[in-house]
Amino acid sequence: MKFQAIKGVRDIPPPDSALWNQVEQTAREVFATFRFAEIRLPIFEQTQLFVRSIGTDTDVVSKEMFSFDEQGGGALLRARENIRNFLATAQMDQNAIAVFRGFVDDLMKRREEAIAQGVLEVDRDAADFYQYLLSSVRQLDEMITAGTWNDTELLGTIKLIQQATAYIRIGESLSLRPEATASVVRAYIEHGMQTQPGDVKLYYIGPMFRRERPQKGRYRQFYQIGAEVLGASDNPRLDAEVIEMLMTFLDRLQLVGAKLAINSIGCQQCRPAYVEILREALRKVKDQLGADSQRRIETNPLRVLDSKLPEEQSIVETLPRIADHLCADCRDHFTQLQEQLKLRGIAYEINWRLVRGLDYYMRTTFEITAPGLGSQDAICGGGRYDGLVELLGGPPTKGIGFAIGTDRLILSLQEAKKVDAAASARLDVCFAWIGAATYPAAAKLAARLRHAGFRVELPSEEMKFKKALSLADRLGARHAVIVGEDELAAGVFTIKRLADSSQQKLGETELLAYLSSDRGN
Ligand code: HAM
């Protein structure tokens with residue numbers, strides 16, 4: 001059997017991995033200059049965390065999450081389904097009752113096992129329901145032992161057992177994280193970070209998971225570099241500074257053609273009224289819209305503005321715009337944000353249709369697109385999410401952040417030929433040692449060069465001179481260091497620059513000095 005990476009998931013082998021490291025390292029350096037510190041987060045969380053923060057009507061939650069039951073949950077779930085699906089009828093015989101009793105036993109046994117293994121916690125409510133279940137089971141057992149029963153009583157008891165099992169905890173649903181803002185907020189609350197001085201500024205780097213249809217720039221396991229600010233302030237200066245950090249990072253990578261689009265989607269005060277106005281307008285043009293948009297008129301009309309369908313574009317353009325319906329505070333916030341961006345010399349355009357696909361946003365939303373990516377051209381999305389901390393049970397806190405899609409950012413850099421991954425991972429020295437007696441000297445020098453930070457290949461198998469030099473060439477080494485018996489006798493090394501074949505004999509110290517001076521060229 002031949003194994004392959006599963007659909008939508010890929011390896012990032014060298015030399016590309018060097019470029020990934022370089023991009024991530026640049027993020028670390030730039031973000032640190034804005035006092036952001038890294039937070040490492042779990043890859044999976046309770047499903048409910050994402051449901052609550054991202055929203056049930058979003059694509060991410062309704063169809064894209066990779067969810068699974070906590071260990072023990074799967075078997076317990078099936079055992080419970082057997083009980084709940086059992087069709088009890090009048091005049092059941094002993095055998096039918098025994099089958100049902102077997103299901104109950106199975107559930108109880110698996111529950112005990114899960115508790116013993118520590119994968120299932122029993123809270124007070126669940127324990128109460130369990131007692132209730134046990135007393136109903138006792139009644140059933142009494143009937144079975146007596147061998148006679150009244151049908152109404154039997155059916156009643158089975159029903160009670162079925163109801164009680166519905167409340168038994170069978171382990172939690174967990175999900176691979178589809179994004180990390182929810183996790184950052186969870187961690188902020190869990191660690192009581194609101195007591196830290198100033199705003200809490202965090203960044204994260206890592207994989208996210210969404211069950212999307214794979215295509216260029218869209219994967220099921222993809223990577224994000226994200227940053228979040230949590231604190232007391234919702235000053236637009238902060239929004240602008242977060243965007244400034246993002247643009248500084250992209251500049252440092254020399255990404256050309258990146259476009260920043262901003263919008264304001266209002267707040268709890270003004271957005272509901274706008275959504276109703278939008279819904280009314282959409283109902284009037286319903287017949288001209290596709291099935292998805294028609295459904296969204298009722299579930300989440302803002303998402304219609306996201307439509308990419310060519311035939312819907314002219315209709316969307318005629319819809320009422322949120323900018324005309326913002327409350328005074330939101331309007332003021334948006335105006336100030338633009339002033340703050342201008343102050344920082346950051347070019348932007350306003351895209352009134354930028355509503356973003358996650359429910360937690362309010363006021364500022366932004367997105368960055370980059371060339372060379374086809375339809376999946378958003379390399380970064382972000383916005384303000386005041387209220388999310390409270391929604392997840394924390395103290396009143398404001399929040400703003402973004403996440404860069406690293407896969408797309410790197411694709412765009414590669415399309416623009418701005419980067420040569422191989423060059424950044426270039427080998428400095430490849431050894432050509434000729435004759436077993438020369439190996440110890442080569443190994444010692446290799447250790448010294450590596451200690452000085454050079455990238456060194458020391459072949460472990462003995463090779464003929466020509467083959468050793470050809471390997472150095474094929475590995476793309478800048479230099480070959482040749483150790484033959486002559487060199488060994490004279491206490492020197494021959495160093496050959498492969499670009500022009502120039503060579504010289506040097507002692508160890510001179511060789512190190514030579515390599516250091518050549519490093520920059
Ligand atoms: P998002 O817009 O869902 O926002 O994702 C941010 C970026 O991740 C996108 O712009 C895109 O570059 C990348 N991305 C998303 N899905 C995929 C995929 N399937 N394949 C490749 N790249 C993808 C968020 O995730 C928010 N948590 C951002 C945020 C942080 N807002 C506030 N703070």
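At what angle do helix α17 and helix α20 pack, and how far apart are their axes? In this predicted model, local features are described at pLDDT of at least 70 and side-chain atom pairs count only at pLDDT 80 or more, while totals for chains, interfaces and linings use all residues. Residues are numbered from 1 along each chain as its sequence is written, and side-chain values use heavy atoms, with hydrogens and water left out. Helix α17 (residues 439–451) and helix α20 (residues 508–519) pack at about 40°, and their axes lie 11 Å apart; helices (H or I, at least four residues) and strands (E, at least two) are DSSP runs numbered from the N terminus, and axes are lines fitted to C-alpha atoms, for helices over the stretch in contact, with angles running from 0 to 180 degrees between N-to-C directions. On the α17 side, the contact (heavy atoms within 4.5 Å) is made by Leu 445, Arg 448 and Leu 449, and on the α20 side by Glu 508, Thr 509, Leu 511, Leu 512 and Leu 515.

Among the buried residues of α1 are Trp 20, Val 23, Thr 26, Ala 27, Val 30 and Phe 31, where buried means under 20% relative accessible area, exposed over 50% and partly exposed in between (1.4 Å probe, protein chains only). An α-helix has 3.6 residues a turn, so residues three or four places apart point the same way. Helix α1 packs with helix α9 (residues 236–252) at an angle of about 140°, their axes being 10 Å apart. The two helices, α1 and α9, are therefore oblique to each other, given that angles under 35 degrees count as roughly parallel, over 145 as roughly antiparallel, 65 to 115 as roughly perpendicular and the rest as oblique. This crossing of α1 and α9 is also described as right-handed, and residues of α1 including Val 23, Ala 27 and Phe 31 meet Met 245, Thr 248, Phe 249 and Arg 252 of α9. After α1 comes Arg 35, which has a positive phi near 65°.

An open sheet of three strands, in the order β2-β4-β3, has antiparallel pairing, two strands being paired if DSSP finds at least two bridges between them. Because β2 (44–46) and β3 (67–69) each have a single partner strand, they stand at the edges, and one side of each is left without a neighbour in the sheet. Neighbouring strands of this sheet are turned against each other by 35° on average, direction ignored. Strand β2 is joined to β4 (residues 173–176) by three bridges, and Glu 45 has Ser 175 in β4 as its bridge partner. Across β2, β3 and β4 lies helix α2 (residues 47–54), which runs at about 75° to β2.

Another open sheet contains eight strands in the order β1-β5-β6-β11-β10-β9-β7-β8, with mixed pairing. Its edge strands, β1 (37–38) and β8 (349–350), each pair on one side only. Two bridges connect β1 with β5 (residues 200–209) in the parallel sense, and the bridge partner of Ala 37 in β5 is Leu 202. Helix α8 (residues 181–190) lies across β5 and β6 (221–231), at about 40° to β6.

Elsewhere, all five residues of strand β14 (residues 479–483) are buried, so this strand is largely enclosed by the rest of the structure. His 479, Val 481 and Val 483 cover one side of the account and Ala 480 and Ile 482 the other, all of them buried. Strand β14 pairs in the parallel sense with β12 (residues 429–433) over five bridges, whereas four bridges join β14 to β15 (residues 493–497) in an antiparallel arrangement.

Key: Left-handed = near helix turned anticlockwise from the far one by under 90°.
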